[in-house]
Amino acid sequence: GELIAKNGVVNKDYQYSEPQFLPQTAYFKSDTTQAELIFHVSNNATFTSGLWQNVAFGNAEVINNYHQRLVLFDFAFTAFIFIMALYHIVLYLIMHRSKETLYFGLLCLTIALRGGFTEMQVFFLILPDFPFYIGIYTSYACITLALPFLVLYMKEVYPEFIPKQLVQFSLLATCVEIASYPFLPLYIMGKYFYIFEYTALLISFACLVCIVRAYKKQPIESIYVLLGFAFFLISGVNDLLHSLHLIYTAYLLNLGLSIFLFSQAALIAYRFNQNFMKIEELKVSLESKVQERTKELIEEKNKLQFLQRIDDLTKLYNRKFIIESYTGLCRSKERFEAFSVILADIDYFRDINETYGLEKGDESLSVFADLLRQKVPPNCICGRISSDEFLILMPAVSYEESKILSDILRKAVESLSIHSHLG
């Protein structure tokens with residue numbers, strides 16, 4: 001016969017056999033309507049012997065396209081999950097806020113590595129000389145490590161519903177499984193690996209029960225996890241039963257994992273969107289508060305500046321502001337056709353203080369200031385420049401008009417009366 005394809009070296013003696021698993025396409029041409037194919041299989045390495053996958057027959061073009069599609073799909077799946085893993089790990093390293101993204105990234109990383117050593121064996125296709133045993137051990141290790149990362153991720157998503165004991169149990173099961181690798185040959189480890197798979201399914205079902213409980217309180221977020229996790233469990237049970245030859249379907253774990261990962265990516269995106277919206281709301285609220293506070297500060301500043309110009313007793317402008325205003329008016333007097341000033345004081349003010357007391361003197365000043373506010377035009381500036389002296393600045397007021405105003409003020413003051421207990 002003619003050798004048309006080979007994987008490793010087939011030999012009855014395990015010392016001379018070389019295990020290898022590399023899906024490939026073999027081409028042959030039969031001169032008759034029948035072809036006899038003989039498969040030589042030797043297995044001294046793994047628990048499962050024989051052909052691991054179905055053999056497809058057809059013309060060269062069809063089979064080649066079919067093989068390329070399978071390889072391309074597996075490569076795309078592995079690459080996408082690997083990129084997703086790097087994205088979430090880097091996201092955690094940048095933000096340092098939630099370990100949810102870290103555990104999800106590590107979960108994606110283990111699944112991506114596991115996908116590279118199963119199905120179409122993408123890593124073996126890229127590196128044909130990659131050691132077979134290391135690849136198989138890596139595949140087992142990735143499945144083992146995925147369990148605690150999955151439970152830790154669920155614990156971060158639902159801290160109130162995932163019990164601490166479940167996390168501890170998953171870590172214990174993983175540590176026991178990993179610790180056995182150096183001491184067990186590959187074929188024995190594969191034979192008893194189902195114990196860990198059953199344990200992982202039991203823990204996964206416990207997580208599913210916790211998610212169902214969480215759905216009652218967090219329906220929007222939990223629906224993403226619940227649907228994805230359900231697909232993941234169904235595919236896991238299918239693969240386990242299929243590997244035990246209890247059912248004859250196909251290996252669907254990669255499909256279930258991809259659906260689960262997409263659902264979790266949607267959940268993380270949803271949470272980031274919710275947090276972003278909260279940040280935007282806080283930003284708008286903060287900006288509004290800053291604007292309000294800025295407005296209050298401006299008002300307080302204006303009020304303070306106004307109070308700095310005002311005389312405490314009379315509530316008219318003080319000496320400093322009057323002098324500044326007078327200086328400014330003198331510099332811009334060309335703007336006005338006329339500019340007048342009235343200097344007024346209270347006669348016998350010292351006698352009022354000595355006879356009736358300082359309180360009555362202050363009262364007389366306040367009464368006089370009220371009179372000025374009533375009689376002086378709004379465009380004029382009134383202020384107290386000393387104890388009983390007042391200055392009135394009148395831009396655009398002629399000398400004759402200022403004399404009239406002075407006379408009005410004098411007569412108004414003469415008619416004033418301030419009562420005292422002394423008469």
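I started with strand E3 (residues 389–395). Is E3 mostly covered or mostly uncovered? Covered: six of its seven residues are buried, where buried means under 20% relative accessible area with a 1.4 Å probe, counting protein chains only, exposed means over 50%, and partly exposed is in between. Helices (H or I, at least four residues) and strands (E, at least two) are DSSP runs, numbered from the N terminus.

Before going on, I noted that this is a predicted model, where local features need pLDDT of at least 70, side-chain atom pairs count only at pLDDT 80 or more, and totals for chains, interfaces and linings use all residues. Residues are numbered from 1 along each chain as its sequence is written, and side-chain values use heavy atoms, with hydrogens and water left out.

**The sheet**

I traced an open sheet of three strands, in the order E1-E3-E2, with antiparallel pairing. Two strands pair if DSSP finds at least two bridges between them. At the edges I found strand E1 (339–345) and strand E2 (381–384), each pairing on one side only. From one strand to the next the twist averages 15°. My course notes say that strands of a sheet pair through backbone hydrogen bonds, either parallel or antiparallel.

How many bridges join E1 to E3? I found seven, and these two strands run antiparallel. E2 and E3 pair over four bridges, and a hairpin of four residues connects them. I looked up some partners too: Leu343 has Leu391 in E3 as its bridge partner, Ala344 stands opposite Phe390, and Arg384 also stands opposite Phe390.

**What lies on it**

Helix H11 (residues 358–375) lies across E1, E2 and E3, at about 10° to E3. Helix H12 (residues 399–414) lies across E1 and E3, at about 20° to E1. The axes are lines fitted to C-alpha atoms, for helices over the stretch in contact (heavy atoms within 4.5 Å). Angles run from 0 to 180 degrees between N-to-C directions.

In a regular strand the side chains alternate between the two faces of the sheet. I checked E1: Ser340, Ile342 and Ala344 make up its covered face, while Phe339, Val341, Leu343 and Asp345 are on the uncovered one.

**A loop residue**

Next I clicked on Thr314, in the loop between helix H8 (253–309) and helix H9 (319–331). Why does Thr314 count as buried? Because its relative accessibility is 1%. Its side chain makes a polar contact with the side chain of Asp311 at 2.8 Å; such a contact is a pair of N or O atoms within 3.5 Å, and within protein one must be able to donate a hydrogen and the other to accept it, with residues adjacent in sequence counting only if both atoms are side-chain atoms. Leaving out residues up to four places away in sequence, Thr314 touches Leu365, Ala369, Arg373, Arg384 and Phe390.
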